[in-house]
Amino acid sequence: MNHSPHDYDLILVGSGLVGASLACALAMLETGRQLRIAMIEAGGDMPRYSGGQFDPRVVALTPASRHWLERLQVWEAIRQARACTYRDMHVWDGEGTAAIHFSSADVRQDCLGHIVENSIAVRALRERLAQLPQVEVMQPVSIVELRGPQPMQPGVQVTLSNGDTLQAPLLVAADGAQSRVREMAAFRTREWDYQQQAIVTTVRTSQSHEHTAWQRFMYTGPLAFLPLQEAGDTHHCSIVWSADTPLAEELMALDAAAFCERLGFAFEHRLGNIEHCAERFCVPLRQRHAQQYCQPGIVLVGDAAHNIHPLAGQGVNLGLLDAAALTNEIERALVRNIPLADYSILRRYQRQRLAGNLGMMSAMEGFKRLFGHRSLEVTLLRNIGLQTFNDLPLLKNYLVKQVMGV
Ligand SMILES: Cc1cc2nc3c(=O)[nH]c(=O)nc-3n(C[C@H](O)[C@H](O)[C@H](O)COP(=O)(O)OP(=O)(O)OC[C@H]3O[C@@H](n4cnc5c(N)ncnc54)[C@H](O)[C@@H]3O)c2cc1C
């Protein structure tokens, strides 16, 4: 393939977990050796956290996501930097008595997943990208103009904030929840505001987290404690407290000591006292799903295509499945000598991912609404339903395996 300096086979926008892993996967394909990929990233380098300091943004990776990162040869770097296994998950209804316990032993796995700091995973992927000559990383730059394919210019053309112009037959948007590409290319979305905010921070608890992910459901939203580990110390957790906006604002206004007190109470002191809490961040929660994942020359992956409530801890796992599906389709095109932007390729990717993502989002929406109900009848039925589910190991283990991808 002959290229002028600003001609590429593929432009990838966004080097987060999803975009960076997609770039690695494409560059590692046997058939991808000749590819020229432009990777455009608006942010700078990832901050480093060490000692008892943790990135407030963490993800719960399923075993399927871990296998994908192993395939990209980055899992070992992530594991060595810092990752915490969780072997159990305990979920309970804060307004009733029902509880569900998931255990890795019940599904014959060594763990249910890993809690990983976003910055560690992204850094490992970017270091891997630096070893792959097919990928040219442009950072920090963003897209200021985008032109889709025209009759006289079949590729996608983008102008960057540094004045450069690039073109390629295919552009992949992995630029996250606030995707500029999605907006500039006028993809239609279905979205609504949850009227909730997620407070995220790291806390130290007086008792060990026991490698368990904990989640308490309340009328005002779920509270999750996700286990972290530093040099064998198991007293740190990353918390995600999703709360109706007025409550979230009230909690954010508290000083650290008062917040720890409220948090311990909301968590029913399951891990003893909250001894320390790091800086708190507040993220508005929105459900958003693109109605189509592709249009001629442009395709969406990860949070650019879908945002899901964090109660499931599934956002990035769905995004990595998008990346894997798109890699397979692009590989298929390369093997068969089909142009990368051939619409059948993009449509096949969309067919594989859209319905499944929508299904997961609907299930989480159902969960959120079920726990948001305050009526006594619903609370009673919910508790009976949850307890019955917990007492049906075959069904419970089947569902766990589905989510884990094992
Ligand atoms: C509070 C909270 C808790 C969560 N917890 C979990 C969890 O436990 N498990 C889980 O699986 N998921 C979780 N998620 C979701 C998860 O964080 C996201 O699904 C995931 O980070 C999406 O990855 P991504 O690569 O698609 O997007 P991002 O991580 O947002 O990456 C997008 C990248 O694009 C870059 N970018 C943005 N705009 C531009 C532009 N115009 N030009 C160039 N580059 C650009 C950004 O700098 C960034 O590097 C949580 C989300 C929230 C809000």
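Tutor: Please keep in mind that this is a predicted model. We can begin with the residues that bring two helices together: Leu-17, Val-18, Ser-21, Leu-22, Ala-25 and Leu-26 of helix 1 meet Val-316, Gly-319, Leu-320, Ala-323, Leu-326, Thr-327 and Ile-330 of helix 8. By class, this contact holds 10 nonpolar, three polar and no charged residues.

Student: Why is helix 1 called roughly parallel to helix 8?

Tutor: Helix 1 (residues 17-27) and helix 8 (residues 315-336) pack at an angle of about 25°, and their axes are 9 Å apart. Angles under 35 degrees count as roughly parallel, and therefore helix 1 is described as roughly parallel to helix 8. As for handedness, helix 1 passes helix 8 in a right-handed crossing.

Student: Which term describes helix 8 and helix 9, and why?

Tutor: The axes of helix 8 and helix 9 (residues 343-372) come within 9 Å and cross at roughly 160°. Since the limit for roughly antiparallel is an angle over 145 degrees, helix 8 and helix 9 are therefore roughly antiparallel to each other. The crossing of this pair is right-handed.

Student: Which residues make the contact between these two helices?

Tutor: Helix 8 contributes Leu-318, Leu-321, Asp-322, Ala-325, Leu-326, Glu-329, Arg-332 and Ala-333, while helix 9 contributes Ile-345, Arg-348, Tyr-349, Gln-352, Arg-353, Asn-357 and Met-360. Sorted by class, the contact of helix 8 with helix 9 has eight nonpolar, two polar and five charged residues.

Student: How many cavities are counted, and how do you know which residues line the largest cavity?

Tutor: The count comes to one cavity of 30 Å³ or more, and the largest cavity has a volume of about 30 Å³. A lining residue must have an atom within 4 Å of a cavity point, and the residues listed for the largest cavity are Phe-54, Arg-82, Ala-83, Cys-84, Ile-115, Val-116, Glu-117, Leu-228 and Gln-229. Strand 4 (83-86), strand 7 (113-117) and strand 15 (221-230) are the elements that give two or more residues to this lining, and strand 7 gives the most, with three. The lining divides into six nonpolar, one polar and two charged residues.

Student: What kind of peptide bond joins Gln-139 and Pro-140?

Tutor: Gln-139 and Pro-140 are joined by a cis peptide bond, with omega about -5°. Pro-140 lies in the loop between strand 8 (135-138) and strand 9 (143-147).

Notes
Residues are numbered from 1 along each chain as its sequence is written. This is a predicted model: local features need pLDDT of at least 70, side-chain atom pairs count only at pLDDT 80 or more; totals for chains, interfaces and linings use all residues. Side-chain values use heavy atoms; hydrogens and water are left out. Axes are lines fitted to C-alpha atoms, for helices over the stretch in contact, and angles run from 0 to 180 degrees between N-to-C directions. Helices (H or I, at least four residues) and strands (E, at least two) are DSSP runs, numbered from the N terminus. Angles under 35 degrees count as roughly parallel, over 145 as roughly antiparallel, 65 to 115 as roughly perpendicular and the rest as oblique. A crossing is left-handed if the near helix is turned anticlockwise from the far one by less than a right angle, and right-handed if clockwise. Contact means heavy atoms within 4.5 Å. Ala, Val, Leu, Ile, Met, Phe, Trp, Tyr, Cys and Pro count as nonpolar, Asp, Glu, Lys and Arg as charged, and the others, Gly among them, as polar. On a 1 Å grid over the protein atoms alone, a cavity is a set of points where a 1.4 Å probe fits but cannot get out, and a pocket is an open set with protein on both sides within 12 Å along at least five of seven lines; lining residues have an atom within 4 Å of a point. Grid points are joined across faces, edges and corners, and a volume is the space filled by probe spheres set on the points.
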